[in-house]
Amino acid sequence: MTAWLQPLTREKSLRPAEPGRWHSGLTKALFFQFLLLLALAPLGCWAQAYPTKPITLVVPFAAGGPTDKIARALAEGLRNQLPGASFIIDNTPGAGGTNGTAKVARAPKDGHTLLITHISIATTPWLYKNLKYKALEDFEYLGLINEVPMTIIGRPGLPPQNLAELTPWITTNSRRVNLAHAGLGSASHLCGLLLQQGLGIDLTTIPYGGTGPAMAAMLNDQVDLMCDQATNTVDQIASGAVRAFGVTADQRITTSPALANLPTLNESGLEGFKITIWCGLYAPKDTPKAITSRLNQALKALLADPVFIKNQAAVGAVSIRDNRSNSVEHRKFVEAETLRWGKIIKNSGQKHID
C-alpha cells in the first residue's frame, strides 16, 4: 500500500483534534487525497458494475418498422458485447419520433435508458415548433450505427413497369397520383419531399401513423407510391407484393438479392438524387463518461462483427466503419445534417406544426 493510503494507527485515529485545527495524524494533504479518492471511485464503480439492470432501448417509431428492426438487431448484438446485459425494446411512437426522443431526454442519466433513432433527430427541429428537447444539447452521442438507402415502390397494378416509365407517368398524371408516407418528419416523408423537388411537381401526399399502416394501404391498392427504407421493403419486393422502381443510393445494392437489379435514381436522369437514412445511438445528457465510453466501445466492436455486417447488408444497410462511430464525429455529422435538411425542408415549403 502506498504511503498516502496508509491507515492511521488506532491510537492516533481515536485522539480528538482541537477545535479549528487539523488532527496531528491526518494532514491536510492526506485529507484532500482521501476526498479525491472518494470522488474518483464512483467512476470506476460505474464502469465495473454497469449494467446493473435491463437496458431499455427506446424506439420512437412503431413496432415492426425499419428502425424497430434495426433496434432489435442492435440489442441482440450488444448482448454479446456487454456481458450480462439484457435489453427491453420500448416502442414509443408519435409526432415524427419526437415523443420517444423526448422520453429519453428526460430519463435517468444512468445508462439504462438509451435511444435509437434515425435522421428525424436532425429534421424535426425544422418541422415542429415546440420540441421538448434540444437535439444537439440534451443527449450524449454514442455513435452512428448504419446507413440505409430508400426504395421507390408502387402498388402492383400501377401502369409503369420500371423506373424509365415511372417518371413520365408521374409527370403526366401528377394531379391523380398519390404518395403515402409514415407521418411528418418520417424518412418516407423526407424522401417524398426530395422526389417531388427532383421531378418539379406536387403530388397528393397521404400521411399514415407509421410505415406499417402505409405499407398496408399500398398492399390494398389504396395508394400509388411510397418511398421507404430498404430494411422495410426488401421482403415485399422479394415476394412481388409491391413493384420496386429504384433505390436512392449512389450505386446499386448488390449485397441484397432482392435489391440487386434495381437501378439508382441517378440512372433515370434524376442526377444527384441520393438519400440514405442513418441510425444512431444516444443516451441522456450527463450520463457518466465511464458508461458512455463503454457503450461506444461495445457499439464499435459490434459494427466490426462480420455476422452483424452481413445481416445488415442483406437488407441493404451498410454498417458504419468510419470515424462517425465515434461520439464526437457522430455529433458533428448530426449537426451538419441538421443544417442540410433545414435548407431542403425550407425549399419544399413544408410548414411547421405546433
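**Salt bridges, core and open spaces**

I begin with Arg-252, which at 35% relative accessibility counts as partly exposed; here buried means under 20% relative accessible area, exposed over 50%, and partly exposed in between, with a 1.4 Å probe and protein chains only. This is a predicted model, in which local features need pLDDT of at least 70 and side-chain atom pairs count only at pLDDT 80 or more, while totals for chains, interfaces and linings use all residues. Residues are numbered from 1 along each chain as its sequence is written, and side-chain values use heavy atoms, with hydrogens and water left out.

Which residue forms a salt bridge with Arg-252? The partner is Glu-267, with the closest N and O atoms 2.8 Å apart; a salt bridge is a side-chain nitrogen of Lys or Arg within 4 Å of a carboxyl oxygen of Asp or Glu. Both residues lie in the loop between strand 8 (243-247) and strand 9, so the pair ties together parts that are 15 residues apart in sequence. Helices (H or I, at least four residues) and strands (E, at least two) are DSSP runs, numbered from the N terminus. Glu-267 is itself partly exposed, at 47% relative accessibility. Elsewhere, salt bridges with shared partners join Glu-147, Asp-322 and Arg-324 into one network.

By this rule the model has 13 salt bridges. One of them is between Asp-110 and Lys-53, at 3.9 Å from N to O. Asp-110 is in the loop between helix 4 (98-105) and strand 3 (113-117), and Lys-53 in the loop between helix 2 (28-49) and strand 1 (55-59), so this pair ties together parts that are 57 residues apart in sequence.

Lys-285 has a relative accessible area of 33% and is partly exposed.

Leaving aside neighbours within four places in sequence, Leu-74 is in contact (heavy atoms within 4.5 Å) with partners including Leu-57, Ile-145, Leu-281 and Phe-308.

Helix 4 is mostly covered, with six of its eight residues buried. These buried residues pack against strand 1, strand 3, strand 4 and strand 9.

On a 1 Å grid over the protein atoms alone, a cavity is a set of points where a 1.4 Å probe fits but cannot get out, and a pocket is an open set with protein on both sides within 12 Å along at least five of seven lines; lining residues have an atom within 4 Å of a point. Grid points are joined across faces, edges and corners, and a volume is the space filled by probe spheres set on the points.

Helix 6 gives the most to the cavity lining, four residues. By class, that lining has eight nonpolar, one polar and no charged residues; Ala, Val, Leu, Ile, Met, Phe, Trp, Tyr, Cys and Pro count as nonpolar, Asp, Glu, Lys and Arg as charged, and the others, Gly among them, as polar.

The largest pocket has about 310 Å³ of space. Of its 18 lining residues, Ala-249, Gln-251, Ile-253, Gly-316 and Val-318 are the closest to its centre. Strand 4 supplies the largest share of this lining, three residues. By class, the pocket lining has eight nonpolar, six polar and four charged residues.
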